[in-house]
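Good morning, and thank you for making time for this presentation. Please look at the model on the screen while I go through a few of its elements.

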Amino acid sequence: MTRSEGRRVAARPTRRTPLRAVSPLALIGGGAVLATVLTLLGVADPAPVADETATPPVSTALERAVVICPPAATPVTVARPLGDRPAPVEVSSARGTETVEVDGHASVPARGVVQVSTTGPAALALLAARVGGSPAPSAAECVPAAGEWWFAGVGAGGAHTSTITLVNPDEEAAVADLEIWSTEGPVTSDELRGVAVESGGSRTIELESLVPLREDAVVRVVVRQGRLAASVLDTVQGADQRLSEHLGATAPPDVRQLVPAVPDKLTDAVVVIGNPGEDTGRAEVRVAGPDSTSAPLGMEAIPVPAGETVTVSLTAATLDLLSSGGTSLVVEGSVPVVASLRGLVNGDPVTLASAPTAVDDSGTVLPVGMRRQLVLSATDVAGAVAVHFVGTDEQWEGRLRPGTSTAVAVPVGAVAARVDTDVSHVGAVRAWGRRGSAWLPVRQLVVDRSQPAVRPDPRPDRD
Amino acid sequence: MTVTALLVSHDGARWLPAVLSGLRDQQQPAARVVAVDTGSADASTEMLVEALGLDQVRQHRGSFPSAVAHVLPEIDTEWVWLLHDDVSPAPGALAELLRVAEERGADVVGPKIREWPSLRRLLEVGVTVSATAHRETGLERGEYDQGQHDSVREVLAVNTAGMLVRRTVLETLGLDEEFPVIGTDLDFGWRAARAGLRTVVAPDAVVFHAEAARSGQRDLGARPHRVEREAQMLVVLANSTGWRARWRWLRLLIGGLLRALGLLLARDPRAAADEIAALGAVHGRPGRLRRARARRRDLGPTPDGLLAPWWLPARHGLDFVSDVVSAALTQRRETVDRRRPTPGPDAADEDLDDDSGLLVRLVTSPWALGTALLLVVFWWGARDAIGPVAGGALAQAPDGVGRWWQLLGEGWHQLGQGTDAPAPAYLLPLAVLGTVLFGSATAAVSALMLLAVPLAGWGAWRFARHLATAFQGGLSARWPAAWAALTYASLPLLSGAWGQGRFGVVVSTALLPWLATSALGLLSPSGDRRWRAGWRSGVILALVTAFTPGAWLVAVLIVGTALLGVALVARRSLATPSVWGPLVAVVGVPPVLLLPGALGMLRHDLGGLLLDAGLRMPAPDGVDMLVGRFPGPAAPAWLGVLLLVAAVLALVPQRSRVAVTACWLLAAVNGGFALLVSRIRIELPSGEVGAGLSFSVLMVQAALVTSVLLALLTLTREPAARTREPAARTREPAVLVGAAAGLAAAVVPVVGLVWWLGADDLLDDPTPSLVPAYMAQAATEDPARGVLVVRGAHDTGLQWVVRRGDGPRLGEAEILSLTAPDAELTADVRALFTAPTPELLDTLPQHGIEHVVLPAPADPEVVAGLDAISGLTRASTSDRETPAWRLPSDAPRDAVSGDGPALLPWLIGLQVVALLVVLVLCGPTRRETR
């Protein structure tokens with residue numbers, strides 16, 4: 001049928017396929033969007049602005065070792081627990097320098113401040129201490145010069161006075177500030193700032209003359225310029241005489257301080273806790289025995305105000321726990337604290353500082369002429385340990401566990417001990433006799449020299 | 001009063017019929033009309049003979065003065081009326097001249113001269129001359145005669161065309177043949193005045209002058225402009241007396257040279273050559289000048305008030321400069337002249353604007369108020385940038401702009417251990433800006449941070465209005481343009497570029513819309529305009545490249561694509577240089593303008609060409625680029641996503657789809673560029689860095705904003721315009737989608753600005769120098785007295801750098817990052833902290849080091865180690881936590897001296913010349929009216 005001419009019909013909509021409905025322009029536009037998104041998402045990850053990663057120090061052979069012994073009349077015992085052949089060691093005092101051939105160990109009579117130094121392979125693990133037994137047993141560690149020292153339990157008046165000796169072994173003058181926290185808070189005095197020690201010289205400071213204090217205090221020696229060896233000699237008025245004892249440096253502030261090898265016959269024991277921080281906290285005293293750590297009965301948590309030092313007597317229950325021997329006193333603070341333990345052993349004053357942590361091999365000179373016991377305690381994880389006694393062929397092997405104290409009897413004839421282990425630990429040796437007691441901490445053996453990684457600044461453009 | 005009309009003719013057949021007719025129609029005819037033909041090659045003589053009779057026509061080959069002199073002896077009337085063959089007198093001209101001559105007792109009378117053939121424009125109503133030897137008529141160019149100059153007054157001179165002069169005066173003074181045609185009248189008038197005679201202009205006497213000689217219709221044997229300049233200089237120097245003569249001689253010489261330079265800068269080399277040639281002809285022939293002066297020796301001084309006032313040349317110069325600047329700023333006006341531009345669509349508004357004061361316009365315009373409010377809000381939010389500012393990528397500005405000029409000019413920088421690394425290219429514009437701001441580098445940086453965002457908004461507004469003109473005839477485009485301007489201007493704020501001190505991005509954001517607007521000129525149908533657009537775009541691209549070096553490569557990519565497109569679509573058009581040439585100019589100009597830095601980088605470290613300006617900052621990753629953020633404090637990513645979505649939706653409206661697709665293609669090109677460039681790792685001496693992608697981030701975001709703008713322009717067209725298109729009527733859903741896109745996009749700048757006002761940024765007051773002041777001072781005065789600054793700790797490693805002043809300042813950072821550490825010094829510094837020896841303390845000063853500083857907090861272990869070194873003594877510091885030491889011996893003064901590239905001065909010279917040439921090339925054309 002043909003459509004009649006002139007008839008008007010609506011135009012039929014043209015059917016468009018879906019593909020034709022999309023114009024080429026829309027396709028290009030969509031493609032451009034897709035290309036933009038995909039190319040941008042494919043952009044490579046940016047390079048770091050600069051290599052800011054920390055570079056650990058490297059170890060090199062120790063070329064020289066110098067330790068400073070505090071002034072005393074007792075002889076200096078020098079030990080090389082890693083030495084397998086004799087090596088010369090220079091012992092310098094006010095009288096002059098003496099070269100001693102040390103084959104494992106040697107005892108050198110000397111007075112006053114003594115500097116023990118050696119170079120080359122002999123410098124490895126050099127240990128020295130002043131140990132003596134007259135009139136009462138005493139022991140004082142010889143230490144390398146450093147930039148900071150902490151002493152807890154110093155006295156500055158009345159029956160308890162302390163003398164600080166600063167020794168500068170270097171060829172440039174050194175300057176230090178003394179910071180003191182007493183039972184009443186931080187002590188400020190112009191006298192305590194800018195204490196200068198000339199090169200190769202020493203300086204003795206009577207604390208009482210600078211800042212008279214009736215109670216125990218904590219002292220921080222912070223070296224502003226150069227390096228110094230610091231030591232404290234404590235003098236206590238006994239029943240009929242004044243008795244002196246070296247006060248070892250305590251570990252820097254931490255929330256856990258450990259005083260190993262507490263004498264079993266300790267009397268009049270007090271624990272001195274210092275809080276140099278700005279936050280008030282609490283400290284709790286524990287006793288780490290051979291099998292576990294115990295909280296003594298009656299020993300409540302001790303409030304430690306910010307910037308103050310607290311002295312607390314140990315309760316009978318605590319002393320009872322300590323009396324078994326081979327124990328360690330643990331001070332746990334809610335804030336970083338420093339701590340030391342002071343008391344009498346057979347009438348002889350003794351002050352035990354919290355011991356420094358050794359991350360692997362450690363050692364100490366052993367007091368002689370008395371019964372001795374080495375007490376070790378792992379700080380983090382358990383691990384095997386071997387103790388070699390210099391001066392004998394004996395060796396002890398065992399295992400250290402955190403939270404416990406491991407006591408090792410020191411054989412007769414041993415002059416120094418070397419602790420071989422891979423675990424972090426603290427330790428000390430105690431010696432006791434009829435006339436009193438002596439104590440020395442175990443320290444990390446210095447067998448190499450740490451050198452910082454030095455490189456040009458990767459961002460020379462920054463200010 | 002008898003008059004002889006003396007008509008001098010030379011190839012004037014074109015005008016003679018009218019001239020002779022004018023003479024015949026005089027209400028008061030001349031007693032006699034004599035004509036002199038000076039050797040016409042056309043039908044002039046025949047016409048004269050036919051009109052005047054053979055006995056009244058003379059033949060005399062020579063100049064106008066000699067022709068007059070030739071006929072003068074046979075004239076016996078009281079007055080002579082001089083006429084040119086291109087001058088047609090009005091019927092009452094002679095009568096009026098005679099009336100005024102009688103009334104004023106004048107010796108010389110001139111008519112009002114109007115342009116022929118327009119008959120209405122004024123040419124002269126008496127003339128004088130300025131001290132710069134310019135003929136001054138006192139009229140505006142093209143001024144219509146409305147009787148505004150119709151007062152009879154005494155003048156220095158009147159044109160010889162229509163001049164009525166006493167015969168005796170003409171016989172006595174004569175016309176100087178030194179001035180064959182041009183300058184004759186000025187010289188004659190001046191001499192008449194010096195002789196105590198009066199020259200008066202009679203405006204009611206009108207003659208119409210075709211100015212055949214000046215307009216080049218009469219062969220003068222030389223270029224009219226050159227002849228005119230020579231004649232006018234000679235007039236001034238011949239007629240000046242006493243000290244003024246010597247002063248004007250010197251002034252014309254120096255002024256002429258400067259004027260020639262100015263003409264060169266205004267792209268008029270022929271006029272400049274004329275000026276130089278005229279100078280040579282006058283100043284180079286002292287004998288001629290001496291003779292001319294000798295002939296005038298007996299004349300008296302010039303009466304006061306006849307010469308042009310002293311300030312007139314300065315006024316003309318000022319007018320010209322303002323015209324050039326105005327034309328340069330208003331790119332639509334490509335030509336400099338003093339006429340008003342053709343009124344555009346907004347002419348009514350502009351007229352209203354011109355009639356109102358600025359304040360009135362400001363307070364009555366909601367747009368102006370809105371803009372002012374936004375500016376105040378921005379500057380309040382950006383108040384940190386007022387005064388010294390640093391942070392992020394922005395280093396502290398140096399004390400003065402002189403440091404930047406020094407870095408640009410010296411080939412060897414005494415930074416670190418000394419380096420010949422090139423100064424960053426952005427220092428040149430910064431130094432110029434700082435110099436303008438009274439030498440303050442701090443002010444330059446502040447101006448940059450405070451003005452870049454408004455400038456970006458302004459540029460985006462102008463660009464949007466240009467697009468609006470193309471898309472909808474410019475009507476009702478204000479809202480979309482305002483959105484685009486606001487959104488674009490907020491890009492540096494939202495992306496974090498501003499707050500992170502990425503000043504390169506900030507400046508490029510400000511310049512990009514101006515570059516885009518300029519590049520629109522490349523589409524102009526006029527080849528000349530395309531060339532100018534090319535040069536102009538090249539200059540702006542050079543600036544953008546100086547701040548974001550990736551811009552040039554992107555431009556090369558785009559231009560390459562464009563040329564390829566042209567080659568595929570219209571290959572024939574490539575035969576026209578003005579099609580491809582401007583495009584090549586766009587990408588060719590930046591390397592030339594940035595020559596010292598570019599070549600320096602080529603021979604130093606090629607990768608440096610791809611680094612963004614400023615201190616090293618983290619580069620954006622792909623997602624960052626998509627949403628327009630830089631790593632660091634930046635606006636929430638969803639704002640960027642919103643803009644992205646709006647730009648995708650912008651593809652929906654059909655009418656703008658082509659343009660929006662082009663924008664997306666541009667974004668895709670940048671995406672591709674970023675994809676490739678991000679894989680480039682540049683091994684700088686200071687470490688490996690990625691190539692700068694900042695410009696691509698900016699380009700992608702600019703493309704997104706433009707896409708949305710184009711869609712908005714389509715949607716906001718006049719309803720009538722829309723409904724005319726059948727396609728538009730059937731696309732209402734597209735309008736709805738577009739409206740949704742517009743709404744989404746509108747959120748971006750508003751929310752973004754609110755966010756920015758409360759956001760943190762990296763900008764702050766500059767931190768005090770790590771180096772103690774006295775050490776920095778010593779190192780500034782003598783760079784050899786450097787300071788070894790060691791950061792870090794024993795357990796984490798030590799990092800050292802040598803400072804020779806307060807610390808790295810803006811512009812120095814890039815140089816330092818391109819400088820490799822000195823190997824010997826590296827070994828010596830390592831030894832200082834690991835195994836110091838006494839010899840080491842003697843070696844370190846040889847490297848130009850005098851002090852060692854450990855900035856707080858210094859590691860006590862490291863401090864103790866240095867303290868233990870014998871010979872290294874503590875130096876005083878104001879901060880106890882920042883220990884310092886002094887080395888035992890002084891550093892030699894030449895410790896960090898060195899030689900820079902020998903080519904540098906030549907490159908700088910080339911750069912300056914190229915800059916001048918390109919600026920001239922992209923400047924507006926100077927219309928020749930002669």
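Before the details, one definition is needed: two strands are said to pair if DSSP finds at least two bridges between them. Please also keep in mind that this is a predicted model.

I begin with chain A and the strands to which that definition applies. Seven bridges join β2(A) to β7(A), the latter spanning residues 112-119, and these strands run antiparallel. To give one position, A:Ala65 has A:Thr118 in β7(A) as its bridge partner. Both strands belong to an open sheet of four strands in chain A, in the order β2-β7-β4-β5, with antiparallel pairing. Which strands stand at the edges of this sheet? They are β2, residues 64-72, and β5, residues 96-102; each has a single partner strand, so one side of each is left without a neighbour in the sheet. From one strand to the next, the twist averages 20°.

Chain A also contains an open sheet of four strands in the order β31-β28-β33-β34, and here too the pairing is antiparallel. The edge positions are taken by β31, residues 406-409, and β34, residues 436-441; with a single partner strand each, both have one side left without a neighbour in the sheet. The twist from strand to strand averages 20°. Within this sheet, β33(A), residues 425-433, pairs with β34(A) in the antiparallel sense over six bridges. One of the residues involved is A:Val429, whose bridge partner in β34(A) is A:Leu440.

Let me now turn to chain B. This chain has 36 helices and 21 strands. How does its radius of gyration stand against the globule rule? The value is 37 Å, well over the 30 Å that the rule gives for 930 residues, so chain B is more spread out than a compact globule. Taken along the principal axes, its C-alpha atoms fill a box of roughly 120 × 85 × 55 Å.

From chain B I have selected one pair of helices. In general, two packed helices are described by the angle between their axes and the distance between the axes. For α18(B), residues 478-494, and α19(B), residues 503-520, the axes come within 9 Å and cross at roughly 165°. An angle over 145 degrees counts as roughly antiparallel, and α18(B) and α19(B) are therefore roughly antiparallel to each other. Their crossing is right-handed. On the α18(B) side the contact is made by B:Tyr488, B:Leu491 and B:Pro492, and on the α19(B) side by B:Val505, B:Val506, B:Thr509 and B:Pro513. These contact residues divide into six nonpolar, one polar and no charged.

Finally, I come to the contact of chain A with chain B. It takes 49 residues from chain A and 69 residues from chain B. Which elements of chain A give two or more residues to the side that touches chain B? They are α2 (24-41), β16 (213-225) and β37 (454-456). The largest share of that side, 12 residues, comes from α2(A). By residue type, the side of chain A that touches chain B divides into 26 nonpolar, nine polar and 14 charged.

Thank you for your attention; I shall be glad to take questions.

Key. Residues numbered from 1 in each chain as written. Chains lettered and ligands numbered in written order. Predicted model: local features only at pLDDT ≥ 70, side-chain atom pairs only at ≥ 80, totals over all residues. Axes fitted to C-alpha atoms, helices over the stretch in contact; angles between N-to-C directions. Parallel < 35°, antiparallel > 145°, perpendicular 65-115°, else oblique. Left-handed = near helix turned anticlockwise from the far one by under 90°. Contact = placed C-beta atoms within 7 Å. Nonpolar A, V, L, I, M, F, W, Y, C, P; charged D, E, K, R; others polar. Rg over C-alpha atoms; globule rule 2.2 N^0.38 Å.
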